[in-house]
Amino acid sequence: MVDSKEIIDGLVKIVGREFVKTNSEVVAECAVDNITPMAVLFPKNTQQVSEILKFANRENLAIVPRGSGSKMSLGNPPKRLDLVVCTTRMNHMLDVDTANLTITVEAGVKFRDVQARLATEDDRCYLPLEDLVTEGDEFICSDRSHSGCFLPIDPPCSEKATMGGIVAANSGGPRRLLYNLPRDHILGVRFVAPSGEIVGAGGKTVKNVSGYDISKLMTGSIGTLGIICEMTFKLLPLPEQMETLLFSFGTFSAACDLADRIFETSLLPAAVEVMNATAFANLKINATPDFTSDGYVVAVALETFEDAVKRMATEIREMARDCGAQGDASLQNHSHLQYWMAVSSLDPILAARFSGLIKAKLNYRISEWKDIFGFAHNTLSENKLEHVISAHAGCGICTISLLMNQGGNGSMDKAVEVMGQLLKRSRDAGGNLVIQYAPSAVKKHLSMWGEPPPDFAVLKRVKEQVDPSGIMSPGRFVGGL
Amino acid sequence: MDKQELIERLKEIVGPENVLTSAMDLALYSYDASLDKATPEVVVLPNSSEEVSKVMALAYKEKIPILGRGSATNLTGGTIPVKGGIVVHFSRMNRILEIDIPNRTATVEPGVITLDLQTEVLKKGFAYQPDPASQKVSTIGGNIAENAGGPHCLKYGVTSNHIMGLELVLNDGTVVWTGGKSRDNPGYDIAGLFVGCEGTLGLVTKAILKLERAPEAVKTMLAIYDTIEDGANTVSAIIAEGIIPATLEMMDNPIMRAVEASVKAGYSLDAAAVLIIELDGMPEGMEENANKIMEICRQNNVREVKLAKDETERTVLWAGRKGAFGAVGQLYPSFLCCDGTVPRTKLPQVLSQVLEVGKKYDLTIGNVFHAGDGNLHPLIMFDERIPDQKAKVLKASSEILKLCADAGGTISGEHGVGLEKLKETSFIFCDNDLEFARGIKKAFDPDDIINPGKLIPEPVCTP
């Protein structure tokens with residue numbers, strides 16, 4: 001065992017005393033599943049990250065990377081943890097080339113700042129800029145590209161999440177129906193491999209088959225293959241018109257009907273989100289006085305040319321009436337942005353409110369969404385587990401949050417049991433179930449990544465090749481990788 | 001194991017009639033659409049994943065090089081058996097196994113011809129979007145290996161954006177599925193890594209592809225220019241204006257001449273360049289966008305811009321573009337297509353530099369390319385039989401790729417590195433990048449038997 005003072009001194013030489021935090025407040029905040037690191041490091045650039053990893057290799061120190069901390073609940077507790085490497089100082093936008101429709105940013109750049117930077121001079125943006133909240137000495141990027149384009153991804157925690165974290169988790173939201181996922185928009189990456197070497201792949205061209213597509217391998221690798229430091233994405237022009245249609249239904253089958261009808265047409269909505277009343281109530285949207293307190297809500301996002309939005313709105317409203325919609329509301333432009341911002345912020349709000357929050361993401365063949373939703377909703381209701389449930393219809397994704405507090409009355413055991421049943425049901429539908437939030441103490445009873453996938457042996461080969469000493473986020477990922 | 005024994009063992013696996021060994025057969029498998037040649041020891045035509053698995057296991061045990069091959073339309077030597085060994089030709093594994101409309105997927109074997117699949121799904125109102133110009137003959141397996149692009153990839157993304165799952169045969173013969181009909185399966189994006197790996201990590205024996213609704217409406221425009229610069233400036237201006245058409249293709253005069261000689265697409269032979277611009281999707285808003293585009297064309301000194309009146313006119317316009325490589329092939333005994341790609345703002349600059357290279361080496365260069373993607377395809381036309389021509393062409397091609405790399409671009413947008421651009425990888429990668437790639441190769445193929453000698457250059461030995 002090497003003297004920890006020597007280690008700290010070595011790290012101080014790399015990033016400077018000020019940026020090696022060992023005080024209890026910071027290490028406690030950056031603890032991963034209650035495992036406290038020896039130090040939290042704040043490197044200022046890729047080069048420093050490289051030196052940190054080389055040092056960690058020599059000293060056999062285990063590292064978990066961190067951005068703003070919005071995804072730290074994801075994954076198994078680490079097998080070991082010595083250092084947390086925090087990317088928040090790596091917050092530079094390295095190349096904003098809106099004429100080429102690409103942007104290159106460092107890992108610590110926040111998603112909201114990317115969107116703010118891409119806004120027009122009069123602040124037309126993909127996020128509701130004036131509603132964004134900052135903490136402490138943060139501020140929102142005020143430099144405008146005047147381009148009116150945007151990065152077409154829709155991650156949870158869009159106010160807080162960093163680009164490095166979004167890519168590491170390949171996170172998406174309801175509007176992936178139209179725009180797909182970060183893996184579909186990333187063009188290039190520079191990262192520090194576990195060996196400490198800086199590796200680059202891809203670039204800023206929208207097509208590239210020069211070498212392996214390492215950008216895709218790194219996307220969604222949950223910090224187990226290295227630390228992503230710089231990324232290039234392709235951009236899209238901001239939609240001319242944005243509108244959300246909200247419909248409330250008394251029964252689940254009526255809500256499903258609407259979603260199914262939409263998918264029978266060639267209309268191209270950005271999202272079709274079906275949720276229970278609890279989910280809608282937690283969004284705290286005021287524009288809808290006639291929505292019942294139980295039942296279901298369908299939210300349809302429309303983001304394209306004005307005439308196409310008009311046509312879709314007209315046709316979908318008609319379908320909703322035929323399906324027996326009870327309430328009907330329309331949110332345009334700014335309120336549309338506010339609505340989807342609320343959807344994106346729901347997880348952290350619930351996590352703050354419910355100390356025992358368990359959130360699961362189910363994936364399955366898209367045609368089975370009604371059966372999965374119905375099964376999950378019924379099972380949870382029968383077990384009297386209060387829950388938020390919503391499905392990204394057309395994407396094969398359903399998310400469930402169990403609104404529980406720790407130290408409750410045995411409902412945690414029930415929750416664990418129900419999660420097992422839901423996992424089995426998703427597996428039967430060709431998918432899996434990933435737990436995105438759970439109290440650390442409960443994690444050992446849950447299968448955080450569902451069942452190991454059929455290609456697990458391949459994943460293991462990759463991990464062992466890239467990180468032979470197992471210093472990057474050890475044990476956090478699928479099957480303990 | 002001697003060659004005769006190998007052949008006997010392969011015959012046991014796939015049946016005697018599906019093992020090719022005659023000198024003529026082997027010669028037919030010694031080339032693709034690139035300039036290199038090398039002869040395999042034996043060619044097998046398996047009929048199932050199980051057979052492929054057994055062939056692979058045999059190659060693994062005996063450490064024999066092995067590579068997969070579809071129609072070999074690839075342009076950089078990806079299917080040239082440089083180390084001999086076994087060529088696995090997927091022509092018999094050409095079944096569309098399932099078109100699953102409720103789940104928006106098609107499951108196919110690797111030997112399915114791209115256009116055949118597209119025709120089948122279109123009958124149900126759906127599209128498989130990646131449309132390489134060779135789609136009439138290219139196979140899905142080949143498209144996956146090379147991460148094929150095509151005109152419509154500007155709007156819809158390349159092959160890797162449309163692959164949901166793959167059945168793989170690994171180096172030791174193990175058969176595994178990665179991904180599937182559901183999205184977000186936890187784990188590394190192995191399917192994403194396999195697409196574009198140029199067949200160096202394993203063999204693909206089934207693929208689940210993503211289907212999308214076929215667009216309701218299409219509008220196709222032809223813009224004719226007196227100078228190439230005006231055409232290139234138009235492309236940059238359309239993208240900078242924030243319009244992403246479904247396609248934005250460019251052809252210059254030498255290509256149009258070649259095309260007119262074989263296809264008769266009705267291009268003006270005295271023009272310097274044409275753009276084929278297509279919009280698709282919902283009809284609402286399309287008219288307005290078409291007008292905006294035509295206005296941009298006019299601002300950039302277009303001689304004439306016209307809308308295709310009907311499907312017949314549209315088909316003719318596209319026949320010219322898609323037949324371009326073939327048309328050049330009819331006029332010149334050999335051609336080399338450089339696949340350099342640049343940020344779209346750099347197109348005008350790089351295009352004129354490419355023409356300078358042509359002048360410098362006294363070579364005819366035609367340009368037919370995916371302009372909206374910044375994906376150049378300078379075609380260097382020549383006659384391989386003339387001494388020293390090939391060496392000169394390779395030098396010019398390398399210089400063009402250097403221009404692209406220096407402009408912030410890359411050496412291949414959709415054709416791959418293969419054999420042809422191994423040296424040029426140094427334009428864009430440093431040793432660390434290549435070493436990491438070698439590690440990935442090693443994770444899948446530690447004995448270096450799967451399509452060896454491609455994609456990554458051998459490390460430079462320091463004494």
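Two strands are taken to pair if DSSP finds at least two bridges between them. In the predicted model described here, strand S2 (residues 39-41) of chain A meets this condition with S4(A), the two running in the parallel sense over 3 bridges. Within this pairing, Val40(A) stands opposite Val84(A) in S4(A). S4(A) also pairs with S3(A), again in the parallel sense, through 4 bridges. Here Ile63(A) has Leu83(A) of S4(A) as its bridge partner.

In a regular strand, side chains alternate between the two faces of the sheet. For strand S4 (residues 83-86) of chain A, both faces are covered. Leu83(A) and Val85(A) lie on one side, Val84(A) and Cys86(A) on the other, and all of them are buried.

The domain assignment divides chain A into domain 1 (4-88 + 468-480), domain 2 (93-237), domain 3 (241-345) and domain 4 (354-443). Between the C-alpha centres of domain 1 of chain A and domain 2 of chain A the distance is 23 Å. Their contact involves 22 residues from domain 1 of chain A and 24 residues from domain 2 of chain A. On the side of domain 1 of chain A that touches domain 2 of chain A, helix H3 (46-59) and strand S3 (63-66) of chain A each provide at least two residues. The largest share of that side, 6 residues, is supplied by H3(A). By class, the side of domain 1 of chain A comprises 9 nonpolar, 10 polar and 3 charged residues.

Helix H1 (residues 4-15) of chain A consists of 12 residues. From its first C-alpha to its last, H1(A) reaches 17 Å, close to the 16 Å expected at 1.5 Å a residue. Gly16(A) follows H1(A) and has a positive phi, near 95 degrees.

An open sheet of 5 strands in chain A has the order S5-S6-S10-S8-S9, with antiparallel pairing. Strand S5 (93-97) and S9 of chain A stand at the edges with a single partner strand each, so one side of each has no neighbour in the sheet. Thr232(A) in S10(A) is the bridge partner of Gly188(A).

In chain B, 5 strands likewise form an open sheet in the order S5-S6-S10-S8-S9, and the pairing is antiparallel. The edges are held by strand S5 (96-100) and strand S9 (175-179) of chain B; each has a single partner strand, so one side of each is left without a neighbour in the sheet. Ile99(B) has Ala106(B) in S6(B) as its bridge partner. Helix H4 (residues 114-122) of chain B packs on the sheet and touches S5 and S6 of chain B. The direction of H4(B) makes about 35 degrees with that of S5(B).

The contact between the chains takes 67 residues from chain A and 71 residues from chain B. Several elements of chain A each supply at least two residues of the side that touches chain B, among them helix H11 (306-322), strand S19 (432-437) and helix H16 (456-466). H16(A) gives the most, with 7 residues. The residues on this side of chain A divide into 31 nonpolar, 22 polar and 14 charged.

Note on methods:
Residues are numbered from 1 along each chain as its sequence is written. Chains are lettered from A and ligands numbered from 1 in the order in which they are written. This is a predicted model: local features need pLDDT of at least 70, side-chain atom pairs count only at pLDDT 80 or more; totals for chains, interfaces and linings use all residues. Domain bounds come from an automatic or database domain assignment. Two residues are in contact if their C-beta atoms, placed from the backbone, lie within 7 Å. Ala, Val, Leu, Ile, Met, Phe, Trp, Tyr, Cys and Pro count as nonpolar, Asp, Glu, Lys and Arg as charged, and the others, Gly among them, as polar. The expected span of a helix is 1.5 Å times one less than its number of residues. Axes are lines fitted to C-alpha atoms, for helices over the stretch in contact, and angles run from 0 to 180 degrees between N-to-C directions. A residue is buried if 20 or more other C-beta atoms lie within 10 Å of its own, exposed if 12 or fewer, and partly exposed in between; C-beta atoms are placed from the backbone.
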